Amino acid sequence: MNPSSFSADLIVVPGWIISMASRDEVLRDHAIVVEKGIIKALLPVGDLPENCPVEPIKLPDHAVLPGLVNAHGHAAMTLLRGFADDLPLMPWLENHIWPAETAHVGEDFVRDGTSLAMAEMLLSGTTTFSDMYFFPEVVAALCTKSGMRAQLTTPVFEFPTAWGDGADDYISKSLALRDDCKNLDRLSIAFGPHSPYTVAESSLEKVALYAAELDMGVHIHLHETAGEVLSAVEATGERPVDTLRRLGLLGPRTQCVHMTSIGSQDIANLAETGAQVVHCPQPNMKLASGTCPVSELRAAGVNVGLGTDGAASNNDLNLFNEMHSAALLAKLTTGDPTVMSAYDTLHMATLGGAKALGLDQEIGSITPGKQADFIAIDLSAPSTQPLYNPPSQIVYACTGAEVTHSWVAGEALMHERKLLTIDVDDTLARAKHWRQKISAQ
């Protein structure tokens, strides 16, 4: 490389680079070179010029990998963390969560709860998240302020909520938000019809029409429990996946969340249409909703991302915990310890999640030409030593507290465990206020 032509505004030199660009690639003695928010090159350290335009950030005990992608959640529901635990899905929703939301959800609730969620996610390595919740315009403003990347999925129901009057109103607001955010590089807008059992077929058809015309994603809870599927078959004669396909709503931009109660024909439908699946292992286990057959889906060619769901049902937004659970659950349910390797699990949390959200051309791997979204993980602690295989250590031994740095589009959002764009003390004070307010009612 000609030193006189070398330019960069960020250079990171870690102990290991887990690029996710090709299977099992772990680079040693390499630097990540970034310019104007884009990954410019991965260079052997010896190829760096003696007089770099910026001082390299040297992290010899760290592994750097793409920022984690939390492909499903309800960020503001952090304010309901631990509010109603140890219950089945529908009693949990109908008797506790929905009444609490009716009483408390507004712009302030969403702003304060999402700020808490963003702080938690950044501190545990997530740089991109998908959010399905009310007042997404408030979340859009927070993302712009914090620098996080997000897909905002605008909720659609048949019934009124604090954010809208019914399906047509929600759809109209979704389209308006898309227009408002079209020039914001780190935000994308998708439709978020809650589920086939809360949204009428006529409304789902409208979502399908707009999504196809505007190339928008569709994010939907689907086949979350066996009871949901049975009820659908009894009411319509169809499984929910079949209904979505008939309505033209199952395709590459469709993000099917949970998918615990599925069989071979459902998997074939997903594979044939190119639909995406988002796996949420911990909330599925906590609510006893079932187990997503991730190994079978991947074997059929279906892409799978990883999500935490909301903190009210998880109870955390830590993708390291989800990776650990996803890997072990797949081995347990299949009886095969070779399935869901550490690399496969990391793929779900990075490039798989990016693809599920339609962002894999921008993020998900440390590849020249992509956005410079990556995190640094300190592997020097006793709990991660001795170090033979960095991906295995990250999936099976790390907790998320080892993440020390994060960048989005080359912008530092966390440095040595200190958040740079979120006021943590203020965020925690607001969370305590909401605990007092919600507990009093």
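The model is predicted: local features need pLDDT of at least 70, side-chain atom pairs count only at pLDDT 80 or more, and totals for chains, interfaces and linings use all residues. Residues are numbered from 1 along each chain as its sequence is written, and side-chain values use heavy atoms, with hydrogens and water left out.

Start with F135. Its phi is near 50°, a positive value in a residue other than glycine. F135 sits in the loop between strand 7 (126-132) and helix 3 (136-146). Helices (H or I, at least four residues) and strands (E, at least two) are DSSP runs, numbered from the N terminus. Is F135 buried or exposed? F135 counts as buried because its relative accessibility is 9%. Buried means under 20% relative accessible area, exposed over 50%, and partly exposed in between (1.4 Å probe, protein chains only).

Move on to H258. This residue belongs to strand 11, residues 254-258. Phi of H258 is near 90°, again a positive value in a residue other than glycine. H258 has a relative accessible area of 1%, so it is buried.

Next come the peptide bonds. The bond from N314 to N315 is cis, with omega near 25°. Where does N315 lie? N315 is in the loop between strand 13 (304-306) and helix 11 (319-334).

The last stop is P386. The peptide bond that joins Q385 to P386 is cis, and its omega is near -5°. P386 lies in the loop that runs between strand 14 (374-378) and helix 13 (390-396).
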